[in-house]
Amino acid sequence: MGIVLTPVTWWKRHLTARLSGYIFALSLVSVGIMGGVTFYRAQTALRQSAFNQLGMAVALKETEINRWFEDQQRIFLSTAQSPLIKHQGQVLLDRTTPPEKLADTQASLQEYLGAITKQRGSFTEIAIVDRSDRVIFSTNAARQGNYESSADLTYFNDVKPGNPTTPIFYNCPLTQKLVVTFATPLQTHTGKRIGMVITYLNLDRLGEIVQAQTSIGQAVESYLVSHVDGENTLVSKTNNQAIGQLVSSAGIDAAMQGRKGIRLYPNYAQVPVIGAYRGLNQLGLALLVEQHQTVADVPAQQLAKQIVFIGLISAGVLAGGLYWVARRIIRPVLEIAQTATQVAEGNLDQSAPILTEDEVGLLARNFNNMIQQLKRSRDQSTLYSHSLEQKAQELERALQELSSAQAQLIQSEKMSSLGQLVAGVAHEINNPVNFIHGNLSHMQEYANSLLNIIQCYQHSYPHPVAAIQTVIEQEDLAFVQQDLPKLLNSIQIGTVRIREIVSSLRTFSRLDEAEFKLANIHEGLDSTLLILQHRFKDQLAPSTIHVVKDYGELPNIPCYPGQLNQVFVNILANAIDAVEAKASLSTHLPSRSDLYHITIRTSLIQPQGNSYPWVEIAIADNGIGMPEQVQQKIFEPFFTTKPVGKGTGMGMSISYQIIVEKHGGKLKCCSKPDEGTEFLIHLPLRDL
């Protein structure tokens with residue numbers, strides 16, 4: 001009976017299918033990422049291009065609108081201020097004019113001004129109104145006798161002589177439609193205002209200028225908005241709104257406030273657009289040019305779709321080709337794998353079939369050769385047992401050396417990180433301490449001046465009034481006068497101490513220095529003592545471990561300063577541990593502060609047979625000491641007398657390598673149980 005494989009089982013066992021599937025999935029991910037990135041970059045570039053084009057379009061339309069209004073203003077003024085209009089307007093506004101003369105004057109004006117309105121398509125009507133804003137003449141005879149004023153506008157009173165042609169937008173009370181007008185006073189020869197000349201501009205012509213085709217593309221709207229009766233009102237029609245409709249959007253609000261810009265926002269119909277807007281303050285208008293965001297993003301979407309489509313086709317072709325190639329490659333590999341399984345079970349008489357002459361065939365030949373060599377190796381295993389043991393020992397030594405190198409590297413990295421941390425802390429502390437220290441002298445000077453003034457005042461007025469006497473007693477002025485100089489002196493001493501600590505921290509921060517150069521050994525020792533200062537004070541009792549420094553006259557010596565500091569840290573830390581171990585065996589705390597001590601001594605020596613002097617650094621403690629067998633192993637890697645978790649056994653081994661191998665010096669240990677330990681460091685004093 002054959003084995004029926006489910007799709008999942010077939011997928012798990014069929015390596016070729018799995019490999020093709022994985023490659024296809026990775027291809028889909030790559031195509032998706034490529035399509036997304038392409039869409040984003042294309043969208044960004046297209047929107048930036050739209051920003052630039054919309055900015056140019058709104059600037060051009062602003063110029064066209066300003067030029068159109070200027071032309072209409074000039075023509076209107078030249079017409080309204082002509083002698084004929086002035087004379088005949090005075091005749092119409094004169095209440096004593098006979099009716100027949102009024103009729104002749106109206107007919108003459110109708111002929112003259114009517115010809116102008118027909119010739120100038122931008123003027124729909126020209127009218128003359130009296131002091132009460134009643135139309136006494138209009139090229140539209142049906143409007144004669146009506147009143148032209150609105151709730152917010154009275155032409156006769158509101159239009160100023162200094163700015164007579166500013167366009168006025170309002171809803172006409174008779175037609176209830178939005179109109180825009182120019183108006184200028186009509187005066188007698190003595191300058192007395194007797195009426196107004198008004199013209200109505202053609203909003204359709206203004207809309208044609210605003211909606212003139214641009215080179216931006218599709219779905220672009222251009223329109224004007226004005227503030228009419230307290231509301232933002234369309235002055236030119238749009239694709240969806242007629243003139244006079246109330247509109248609102250972020251771009252409209254910004255433009256009505258006199259600002260200009262280009263950004264993304266929902267338009268008056270809540271459609272996301274890319275809008276360029278600017279306020280035409282001198283005309284009381286807001287100009288907007290907007291393009292739908294969806295239209296602007298169409299090329300980016302199409303490009304992304306094309307990339308995804310092509311990528312899917314490429315991924316499918318790649319997966320199919322890989323499946324075909326994988327079958328030809330994997331079949332010989334599976335044969336080799338089956339043979340390897342039998343060999344692993346102990347059957348060394350098998351050999352892999354050689355089905356191809358390529359790399360897989362070469363692999364089969366090499367595998368067969370390996371089987372033959374394995375046979376020979378099995379037959380000769382007894383002959384090589386001794387050699388294998390020797391190799392094992394060499395490997396063990398190599399492993400120990402590797403572990404030692406690894407531990408040394410970790411220790412070096414720790415010390416380097418410590419040096420960087422100390423340098424950073426010293427730098428951060430140094431600035432505020434210098435500020436305080438630098439200003440303390442001025443503070444002492446000011447305090448002394450104030451105390452002198454108070455003393456002078458007390459000398460001149462020994463009996464102050466009761467209120468001042470009460471304050472003096474409450475604040476204990478005598479104590480303040482006595483204690484303030486002491487307080488400032490204490491602060492001065494504290495800042496000096498902090499600066500000394502910062503200097504020591506900076507010296508110790510050279511732990512990560514790898515340069516072989518001249519350095520001051522005493523500075524390194526002092527900075528190391530500063531770093532370990534908490535170990536001297538916080539363990540048993542204040543000043544339990546006393547440090548004795550016996551420094552000789554030493555020149556700067558050539559060395560690796562950071563590595564020497566690392567040696568000092570290791571030796572001093574072990575000395576502190578030895579003293580604490582001895583103290584813990586006592587039944588009571590020491591009564592004298594110098595009962596437990598660590599001595600550091602430096603000097604120049606001249607060993608026999610050397611033409612140059614050496615530097616000797618001795619670090620001794622009166623701790624628990626070490627027996628002879630421990631001293632013999634103290635410099636071996638991983639040897640430690642401390643409990644598990646308290647030490648790695650690498651500190652003294654690394655110190656020995658630094659002194660002997662790095663500096664060409666000597667490191668010795670002298671110790672007796674219960675009498676203490678002394679480490680001697682000898683460094684050659686040679687030129688760089």
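Which residues in α14 meet which residues in α16? I looked this one up before anything else.

I'm working from a predicted model, where local features need pLDDT of at least 70, side-chain atom pairs count only at pLDDT 80 or more, and totals for chains, interfaces and linings use all residues. Residues are numbered from 1 along each chain as its sequence is written, and side-chain values use heavy atoms, with hydrogens and water left out.

**α14 and α16**
I find Ile 521, Gly 524, Leu 525, Ser 527, Thr 528 and Leu 529 of α14 meeting Leu 564, Asn 565, Phe 568, Val 569 and Leu 572 of α16; contact means heavy atoms within 4.5 Å. By class I get 7 nonpolar, 4 polar and no charged residues (Ala, Val, Leu, Ile, Met, Phe, Trp, Tyr, Cys and Pro are nonpolar, Asp, Glu, Lys and Arg charged, the others, Gly among them, polar).

**α3 and α4**
Next I checked α3 against α4. From α3, Leu 84, Ile 85, Gln 88, Val 91 and Leu 92 meet a set in α4 that includes Lys 101, Leu 102, Tyr 112 and Leu 113. I noted 8 nonpolar, 4 polar and 1 charged for this contact.

**Whole chain**
I counted 18 helices and 17 strands (DSSP runs numbered from the N terminus: helices are H or I with at least four residues, strands E with at least two). Of the 688 residues, 38% are buried, meaning under 20% relative accessible area with a 1.4 Å probe, protein chains only. Among contacts between residues at least 6 apart in sequence, 62% join residues at least 24 apart.

Note on methods
Buried < 20%, exposed > 50% of the residue type's maximum accessible area, 1.4 Å probe, protein only.
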